[in-house]
Amino acid sequence: MADVEGAVLTARSRVEVDGWQEAIRASCQPLLEAEAIEERYVERCIEMVEDEGPYVVVAPGIALAHARPEDGVKRLCLSVVTLAAPVEFGHSENDPVDLVFAFGSPDSTQHVSLLRNLARALQADLADKLRTANTVEEVESLIQGIVQDVKED
Amino acid sequence: MTTKGNPEKRLKVMTVCGVGMGSSLILRTTAEKALKQLGLEVDLEHVDVSSARSIDADVIIGQAMHTEEFEDAAPVVVTISDFTDVEALKGKLKEALEAQGWLT
């Protein structure tokens with residue numbers, strides 16, 4: 001619980017990117033600016049996909065970028081970026097991607113409640129709400145809503 | 001839930017992904033909901049693919065790129081591309097578990 005309340009949450013809306021690597025960078029950039037992650041974490045997130053394949057595309061249109069705690073995470077954090085135009089990650093079924101989440105966890109457990117609630121929100125209608133959000137404030141409040149849900153969990 | 005011939009044993013279900021932190025946890029949450037709706041109580045774990053190779057499980061769930069290498073590693077291997085679709089996963093699990101006689 002305390003973990004989640006201290007989490008860094010960021011949102012960006014209708015970001016223009018060229019390709020999936022840029023999409024991942026865009027999702028990590030606000031976390032970098034908030035000093036929740038180190039520069040090397042961003043590169044690791046990209047390398048993960050290069051090494052392991054596009055499995056981070058967890059649902060149609062949705063990518064969840066992340067690397068490991070030891071790759072440079074300072075604080076528990078979650079970012080969401082909606083893309084102005086979708087990009088291909090090379091996933092056979094879930095491409096193209098227009099919603100990119102990035103998260104970082106300082107250890108192997110702190111992110112669990114946050115991600116479980118993200119999952120529940122995605123099982124419901126979070127993706128549709130993000131796609132139709134017109135302003136960054138709307139996107140921000142949707143992402144804050146996940147934390148509210150965690151507190152109520 | 002009980003398995004045939006060993007009524008005391010709960011099914012062990014494993015969700016897999018590359019790192020074992022993010023995607024597999026999202027999938028685990030979806031699998032939990034799907035299995036609960038099927039009326040099954042199981043032991044669930046989310047792991048990375050390399051750890052998964054050394055763990056015995058009754059059911060393995062993941063994306064095609066990960067489940068391909070587990071075809072013979074567990075009695076039930078379920079491939080799903082949408083980790084947030086409870087209904088789709090429930091349908092696949094139901095079919096696979098019924099085929100094993102683990103769900104009636």
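This is a predicted model: local features need pLDDT of at least 70, side-chain atom pairs count only at pLDDT 80 or more; totals for chains, interfaces and linings use all residues.
Residues are numbered from 1 along each chain as written, with chains lettered from A and ligands numbered from 1 in written order. Local features need pLDDT of at least 70, side-chain atom pairs count only at pLDDT 80 or more, and totals for chains, interfaces and linings use all residues; side-chain values use heavy atoms, without hydrogens or water.

Start with chain A. It holds six helices and five strands. Helices are DSSP runs of H or I with at least four residues, strands are E runs of at least two, and both are numbered from the N terminus. The order from the N terminus is α-β-α-α-β-β-β-β-α-α-α. The radius of gyration of chain A is 14 Å, close to the 15 Å of the globule rule for 153 residues, so this chain is as compact as a globular protein of that length. That radius is taken over C-alpha atoms, and the rule is 2.2 Å times the number of residues to the power 0.38. Of the 153 residues, 56% are buried, meaning under 20% relative accessible area with a 1.4 Å probe, protein chains only.

Chain B comes next. It has four helices and four strands. They follow the pattern β-α-β-α-β-α-β-α. Its radius of gyration is 12 Å, close to the 13 Å that the globule rule gives for 104 residues, so chain B is as compact as a globular protein of that length. Its C-alpha trace spans about 35 × 30 × 20 Å along the principal axes. Buried residues make up 56% of the 104.

Now look inside. The largest nonpolar core has 89 residues. Such a core is a set of buried Ala, Val, Leu, Ile, Met, Phe, Trp, Tyr and Cys residues joined through side-chain atoms within 4.5 Å. A:Phe101, B:Ile61, B:Leu93 and B:Leu97 have the most contacts inside it. Helix α2 of chain A, residues 20-33, gives the largest share, seven residues. A second, separate core has nine residues, including B:Val16 and B:Val49.

B:Leu97 is worth a stop. Beyond residues up to four places away in sequence, B:Leu97 touches B:Leu11, B:Leu35, B:Leu40, B:Val59, B:Val76, B:Trp102 and B:Leu103. Contact means heavy atoms within 4.5 Å.

End at B:His66. It lies in helix α3 of chain B, residues 64-67. B:His66 counts as buried because its relative accessibility is 4%. Leaving aside neighbours within four places in sequence, B:His66 contacts A:Glu52 and A:Tyr55 in chain A, and B:Val16, B:Cys17, B:Gly18 and B:Val49 in chain B.

Key:
Buried means under 20% relative accessible area, exposed over 50%, partly exposed in between (1.4 Å probe, protein chains only).
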